[in-house]
Structures are given as structure tokens and as C-alpha cells.
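Hello,

Here is the structure we talked about handing over. Please open it alongside this note. My findings follow below.

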Amino acid sequence: PVRTVLAVISFFGAILALFACFGASGFILTGVQNLLSGCLGRPGFFLSPVLLLFWFVILAFHRERPVVLRSVSVWMFAISVAAIAQLCAPETALSGGFALVGELFNLGCAGIGGGVLGGLVGIILRLAVGKVLAAILLSISALLWLLSAFQITLGSIIRAIQNRPRPDKEPECQQGDPAAAVVNHLANRHIAHLEKKQRTAEFDI
């Protein structure tokens, strides 16, 4: 039941966010835009229709598989992107304490920074490791969270590369592994290209 409720919310949220992105008027759409922009900044707002629709697909077509990690990965990706936007925003004097949350929300609604969630992450990382290293870490984090949302991990990528198809060996991959499917597809295309090139060379001789 919880998954069904969240799926319905994400589906209608994606529709509302999409209309809001195209500038449709209405107090509900304005509220949706301010909420998403205030939490995730303008980049998160424009990504929200796709992310909400993807979240709906995860929840509605899970086939009894766990969805918590994939759901968390979707929104952690959005927060990482919003934090990068915060690092790219012009630095302004911000208040401390709880007043900072309100200022970040208002700046996010105005299209500046990464909103409350992205802003807090971006500010903390910038203070901890500096702006450049924070941007690098957040970029890597965004990529890893995005892969995790598609059920692709570093371990599955390494296993897929190790078991990739070779001209003289049958592939050994786990059924339904997304990383194996991608790597095997690329490997098979490479093998087909090599075989075609070899046949062309034999024909020329």
C-alpha cells in the first residue's frame, strides 16, 4: 500500500512539475515550483519531472523487488546535482543557524544555488574540502547514485567486464544484471566489428 501511494504521488507530481517547468500558471503549479526550487534549486526543479516519473516506474513496476535503495539513489542524485549548483552560485553572506534554511529556500526559489538540501550539502563540503575538491566529489557522487538507481554498481561493472564476451569464449553473466547487459552489448558489437574487418581483409586478399 505504501508503494502504491508513493507511486500515485510521484506520477501526479511528475505531471504537475512538467507543467510548472513549461511556465503554466496556477497557484498549485506555483506552489510545486517553489517547493521543488526551494528544496533542490533550479536544476533540481527542471530535473524533477524526469526524476518523479522514474521514481514512479521504480515503484509501480518493482515486481516484488526491493525499491528502497533505488528510490534513495534517485533523490541523492538530485541532491548531488543541486549541491553542485550551490558551488557554482555566487558566494553571498548567509546567516547562521535555522535562519540559513530560510535563506537557502528563498535563494532556491529565486533560481540561485541548490535550495535547502543541495545548499546545505554544498556549503558543508566546501567548508570541509574546498570548492574544487567538493565539486569533484559531488560529480562522482552524482554518477554513482545515478548508476545505483539503474541497479548498476561498481562491483557489477567489474564482474561484467571480467565476464565480457570474447571471440573464443562464451559469456558468463548473471541473469538480469544491467551492468552485464551493457558491457556484453558493447563487447558483442566490438567482436562483430573485428569479424567484419577480418572478412573484409580476407576478401581484399
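In which helix is the place of Ser-80? Ser-80 sits in helix H3, which covers residues 68-88. Bear in mind that this is a predicted model.

Start with Ser-80. Its relative accessible area is 4%, so Ser-80 is buried. Setting aside neighbours within four places in sequence, Ser-80 is in contact with Leu-138, Ser-141, Ala-142 and Trp-145.

Next, Ile-58. This residue belongs to helix H2, residues 27-60. Ile-58 counts as buried because its relative accessibility is 3%. Not counting residues up to four places away in sequence, Ile-58 touches Val-67, Arg-70, Ser-71, Val-74 and Ala-149. There is also a C-alpha separation to note: 9.6 Å between Ile-58 and Val-68, which are 10 residues apart along the chain.

The nonpolar patch

Now the surface. A nonpolar patch there has an area of about 730 Å². Its members are Val-8, Phe-11, Phe-12, Ile-15, Phe-19, Leu-53, Val-57 and Phe-61. Helix H1 (2-21) and H2 are the elements that give two or more residues to the nonpolar patch. H1 gives the most, with five residues.

A backbone angle to check

Look at Gln-151. Its phi is near 65°, a positive value in a residue other than glycine. Most residues other than glycine have a negative phi. Gln-151 is in the loop between helix H6 (131-149) and helix H7 (154-162). Its relative accessibility is 34%, so Gln-151 counts as partly exposed.

Cysteines

How many disulfides does the count come to? Zero, taking a disulfide as a pair of cysteine sulfur atoms within 2.5 Å. Cys-39 is in no disulfide, and the nearest cysteine sulfur, that of Cys-109, is 8.4 Å away. Cys-109 is in no disulfide either; for Cys-109 the nearest cysteine sulfur is that of Cys-39. Cys-39 has a relative accessible area of 25%, so Cys-39 is partly exposed. Cys-109 counts as partly exposed too, because its relative accessibility is 22%.

Best wishes

Key:
Residues numbered from 1 in each chain as written. Predicted model: local features only at pLDDT ≥ 70, side-chain atom pairs only at ≥ 80, totals over all residues. Heavy atoms only, no water. Helix = DSSP H or I, 4+ residues; strand = E, 2+ residues; numbered from the N terminus. Buried < 20%, exposed > 50% of the residue type's maximum accessible area, 1.4 Å probe, protein only. Contact = heavy atoms within 4.5 Å. Patch = residues over 30% accessible without salt bridge, like charges linked within 9 Å, V, L, I, M, F, W, Y side chains within 5 Å. Areas by Shrake-Rupley, 256 points an atom, 1.4 Å probe, with all protein chains shown as cover. Salt bridge = Lys/Arg side-chain N within 4 Å of Asp/Glu carboxyl O.
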